Amino acid sequence: MRRIALALLSAVVLAACASAQKTADQAAAVGDWKTAEANYAAVLRDDPNNPEKRARWQNAHTKALQGALDRCNACRVAQDWECAFGEADYLVRMEPGSADYAALRVDTGRQAAWGRLSRASQALSARDWRGAFAGLAAARAASNDPALQAEASKLQPSIVAGAVAEAQRLRQQQQYPPALELLSSAAAVDGSVRPTLDQTRAEYDRWLDAQYEQQARQGDALMRDHRFAEAAQAYDAAQRIKRGGRAEPLARYARALQAGDAAAQRKDWHAATRAYEEAVRTGMDGQGGYAQTQLDRVQLRPVAIRLRSALVRPIRPDGAPWDGPPGPGYQRVVGMLANAAMDGRGRQAAAGIDHYDALPPENRPNLVATLTLPDGRQFATAPQRALRARFDAFVVIATNGLDDRPVSVRIVHRDDRGEVEVGTVRLRMADLVAGGELGLSDRSIVDLKLLAERTGQPDGVAMGFAPVGPTPQPASSPPPRR
């Protein structure tokens, strides 16, 4: 591994060296000896004992110095002191031991400094405080000439006073960043400005806090209205005022809630679960908050749909027995129900256990319950000859509290001649999951006990129910609407 790393490093160095050599050759060809010298020097550093490379560098070095000296002298004649000072500075950097070059730099630097100081004075007259500070600093940096430094010291108070006055005006307009920029420039040359700078910074911090909180409170109001996307934008705006703070996790919280609600709307339960989990992880949900509530509603969990029992009417709607011939025992029950109806107690009598117990066994129905799950799977119970069939059967399905697909239980009487429908109850899966034990009825079904309860068993497990026909694969989640 070390050999590979060294080989890669060597390849990089060789490529850089080749690039420098090419750049140097191109610059030399057009007489750009400063560029040529710099790149030949880089090539020579990688191979200092190569005489050919040293000769190329030495030639470029000599011509670069001569060229800089010629340009310096030409600029002095033209009184272009910035140009002359730049070339003299290059000469000193290339030959730091040369007294002639050093003297040339001092002379041209003094002349350039006076020009810079003049431009600083002009910027002061134009109320260009940034230009004035820049010119003052540049003049002082170019020359240590006592006369120039004294003149700079005379100019400085006017620049500082003007900049502080302008900063105070900007401060009154709550334009704090440019005010602080001016005060920082002033404090850099005049320590007496430091307290004003510190006060303005503290004031700016308080102003930012107030603006931040105002924007964050807008997000809070939008959150209360469940306008999560807009709330996230408000919190983002607060963070543009000042980074961090409470708006940062709240923005993530609002964005996760918006994603969760959108996924729940399209019934993408897995995406909704991930989004609400992310919202909870932000720590902004609190105890029993919206995200946790929604997470509990959208998470797919195995639920046992349990059919406890079904109570049916003792006779068919047409007055005939469910099964067998209408013997004396059957006629007696019919008479009891008729008398109760005449007395105004027909509904209560229809549910009276005494009348059910009085029905002869041969006239009782042979009941079969068929449960149809939302994904189309069907399960049926074994037949029970009873008016009150105690099935106590269940099937496990993965679902959640927002599953609005239907589930149904159909009760039939089955005999040698076929089936007779007793009744069918239908309801939404969500109502079943949320409703505890339900007592339902339909036509000849007087009372059907149905409930859903969480279980640790996997989807498809059944007890007391047997699959009807080909068993489709259980759906991992309710399908989205088209």
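Visitor: Where is Thr108 found, and what is its relative accessible area?
Guide: In this predicted model, Thr108 belongs to helix H5, which runs over residues 99-125. Buried means under 20% relative accessible area. Thr108 counts as buried, because its relative accessible area is 0%.

Visitor: Which residues is Thr108 in contact with, leaving aside its neighbours within four places in sequence?
Guide: Thr108 of helix H5 is a buried residue. Once the neighbours within four places in sequence are left aside, its contacts are Cys72, Arg76, Trp81, Ala84, Phe85 and Ala88.

Visitor: Let's step back to the whole chain. How many helices and strands are there in the protein chain?
Guide: The protein chain has 482 residues, and 42% of them count as buried. Among contacts between residues at least 6 apart in sequence, 59% join residues at least 24 apart. As for the elements themselves, there are 17 helices and 11 strands.

Visitor: How far apart are the end C-alpha atoms of helix H8?
Guide: Helix H8 covers residues 176-189, which makes 14 residues. At 1.5 Å a residue, H8 should span 20 Å. The model agrees with that, as the end C-alpha atoms of H8 are 20 Å apart.

Visitor: Which residues of H8 are buried, and what arc do they cover around the axis?
Guide: The buried residues of H8 are Tyr176, Ala179, Leu180, Leu182, Leu183, Ala186 and Ala187. They lie on the same side of H8, because the arc they cover around the axis is only 165°.

Visitor: Which helices are included in what covers the buried residues of H8?
Guide: Leu182 and Leu183 are among the buried residues of H8. The cover over the buried residues includes helices H6 (129-142), H7 (146-172) and H9 (194-224).

Visitor: What do the buried residues of helix H11 pack against?
Guide: H11 spans residues 247-265, and its end C-alpha atoms are 26 Å apart, which agrees with the 27 Å that its 19 residues should span at 1.5 Å a residue. Its buried residues include Pro249, Leu250, Tyr253, Leu257 and Gly260. Just after H11, Lys267 takes a positive phi of about 65°. The buried residues of H11 pack against H9, H10 (228-241), H12 (269-281) and H13.

Visitor: Which strand supplies the largest share of the lining of the largest pocket?
Guide: The largest pocket has a volume of about 200 Å³. Helix H13 (290-298), strand S1 (301-312), helix H17 (429-434) and strand S9 (445-454) each supply at least two residues of its lining. The largest share, three residues, comes from S9.

Visitor: Which lining residues lie nearest the centre of the largest pocket?
Guide: The lining has four nonpolar, four polar and five charged residues. Of the 13 residues that line the largest pocket, those nearest its centre are Asp296, Asn400, Gly401, Val433 and Arg454.

Visitor: How far apart in space are Ala452 and Leu432, C-alpha to C-alpha?
Guide: Ala452 is part of strand S9 and counts as buried, at 12% relative accessibility. Its contacts, leaving aside neighbours within four places in sequence, include Val303, Ile305, Leu432 and Val433. Ala452 and Leu432 are 20 residues apart in sequence, yet their C-alpha atoms are separated in space by 6.0 Å.

Visitor: Last one: which residues does Leu359 touch, not counting residues up to four places away in sequence?
Guide: Leu359 is in the loop between helix H16 (353-358) and strand S2 (366-372). Leu359 is buried, with a relative accessible area of 1%. Not counting residues up to four places away in sequence, Leu359 touches Pro314, Tyr330, Val333, Arg364 and Leu387.

Notes. Residues numbered from 1 in each chain as written. Predicted model: local features only at pLDDT ≥ 70, side-chain atom pairs only at ≥ 80, totals over all residues. Heavy atoms only, no water. 1 Å grid on protein atoms, 1.4 Å probe; cavity = no way out; pocket = protein on both sides within 12 Å on 5 of 7 lines; lining within 4 Å. Points joined across faces, edges and corners; volume = space filled by probe spheres on them. Helix = DSSP H or I, 4+ residues; strand = E, 2+ residues; numbered from the N terminus. Nonpolar A, V, L, I, M, F, W, Y, C, P; charged D, E, K, R; others polar. Expected span 1.5 Å × (residues − 1). Buried < 20%, exposed > 50% of the residue type's maximum accessible area, 1.4 Å probe, protein only. Arc of directions from axis to C-beta. Contact = heavy atoms within 4.5 Å.
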